[in-house]
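Hello,

Here is the structure for you to look at. My notes follow below it.

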Amino acid sequence: MQIRKPTNIDMGSDSVSRVLTRLTIPSMITMLAHTVFHIVDTMFIAWLGTVPLAGMSLMMPVIFVVYALMSGCTIGATTLISKNLGMGRLYRSRYLANAALSLVFLISLFPCLLLIPSIKEHFFSFLGASPEALVYINRYLFWQVWSFPVASWSLLLDAVYRSQGNATMPMYALLIGNAVNMALDPLLIFTFDMGIGGAALATLVGRILTFAYSFLKLRHYSDIYPKFTMTRNTIPTWRSIVVIGLPLSLSQISFSVGAALLNRIFAQYGEAAISGWALGNRIEDIAFLLVFGLNAALVPFVAYNLGKGEIERVKEGLVFACKWAFILMCSIGVLLYAFPSMFLAVFRPEGLTLSYSVASIRASTTAYPLIALTIIVGGLFLGAGYTQYNFYAQVIRNILVRYPAALLLNAMFGIDGVWWCQPVSSVVAFFVSLYFLKKLKPAILDVREEYI
């Protein structure tokens, strides 16, 4: 029987608005900390010049893919653990956490292959890296690779806390790691003259401290204590996690693949275009923090209440999240469209890079409200365990629509047209999500016993 910790939220009995608000705010701050890890690196590396910034930008698809695989599995674990807790199965929840830990840690080791010179050079050359950019990629890659195993532990502990209605511990852990990263970045990059490699080392140290804090607090704030174990049921349990997590991972990877393809188009216009696109994406990451916080809050909330059979609470939560996401992103979109340069000032972009960033932001903001609703509906899919719906919507958006639209717009209008592939693909993804939402209603009445 689960013993409710005093810091955990009762996701099955407290008012829906209170539960989602208390889960959303720390989730938003946690995602801000995740974003700031990369924002701070981007800011200081941008100060080094356009070519180092392009080198880091070309590394981002790799980082996104690795984190997509790990986070897909941990969100799958969150869904399954929350649903089992809703059904009163604490022992099964503990076993799921153990299996998820070994799976995510194994995934985190795959990027070590990029340390092999021949693989590294062929891979990044395919992405459009110039010989000059490849020099900076080499310096950034080494420390970044070793941060993945540490992050795998942190992500799993994050899932364990959230599945029990505790979003504050992951928030505190990320804030500690982020503060250390911010302090070390200028010291290692400039004072010790490590350049772009110093940014990656600072991130590694920050990740280590994030994990350490989460681990030390586990016994006080959790009824689940994940550890490395392998039994005859571990691999079948991996299957249960992967069935839910893999579509989510693939949908996130589709974003990285789409970004890599777009980088090949922007490479025709030089490093400034690649950098401008990257800075525009950074601003968008910040703009959608609250919406992503709502998305993260919905996952354990939906899973737990489906486990209890509380369908009406799930519907009420979806309406609450959609309403606030739409209102917020209408307001933020107008602000960013009117004053993009003000928000870009911290990165100190050069003239042409600034111009490209402004064009990217203004095009994307036209679809912000629809993107917000797509993200919220995606949170319902994740919590219900139907992550394949997310996968279909994101693959259609990122690869089947966005890249062909970018090619067409580039041929017709040059780089000024390419930016508009973002809103075009986002509108299509919204209607695809609506289609699957209509199909989901009868499906969520099934508790999905085969996955739990």
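Start with a salt bridge (a side-chain nitrogen of Lys or Arg within 4 Å of a carboxyl oxygen of Asp or Glu). Glu 312 makes one with Lys 315, and their closest N and O atoms are 3.6 Å apart. Both residues sit in helix 11 (residues 311–338), 3 residues apart, about one turn of the helix. Helices here are DSSP runs of H or I, at least four residues long, numbered from the N terminus. Glu 312 counts as exposed because its relative accessibility is 56%. Lys 315 is partly exposed, at 34%. The cut-offs are under 20% relative accessible area for buried, over 50% for exposed, and partly exposed in between (1.4 Å probe, protein chains only).

This is a predicted model, where local features need pLDDT of at least 70, side-chain atom pairs count only at pLDDT 80 or more, and totals for chains, interfaces and linings use all residues. Residues are numbered from 1 along each chain as its sequence is written, and side-chain values use heavy atoms, without hydrogens and water.

How many salt bridges does the structure hold? There are 4. One of them joins Arg 282 to Asp 285, with the closest N and O atoms 3.3 Å apart. These two are also about one helical turn apart, because they are 3 residues apart in helix 9 (residues 271–287). Arg 282 is buried at 6%, whereas Asp 285 is partly exposed at 29%.

Another pairs Arg 18 with Asp 14, at 2.8 Å between the closest N and O atoms. Arg 18 is partly exposed at 39%. Asp 14 is buried at 17%.

Best wishes
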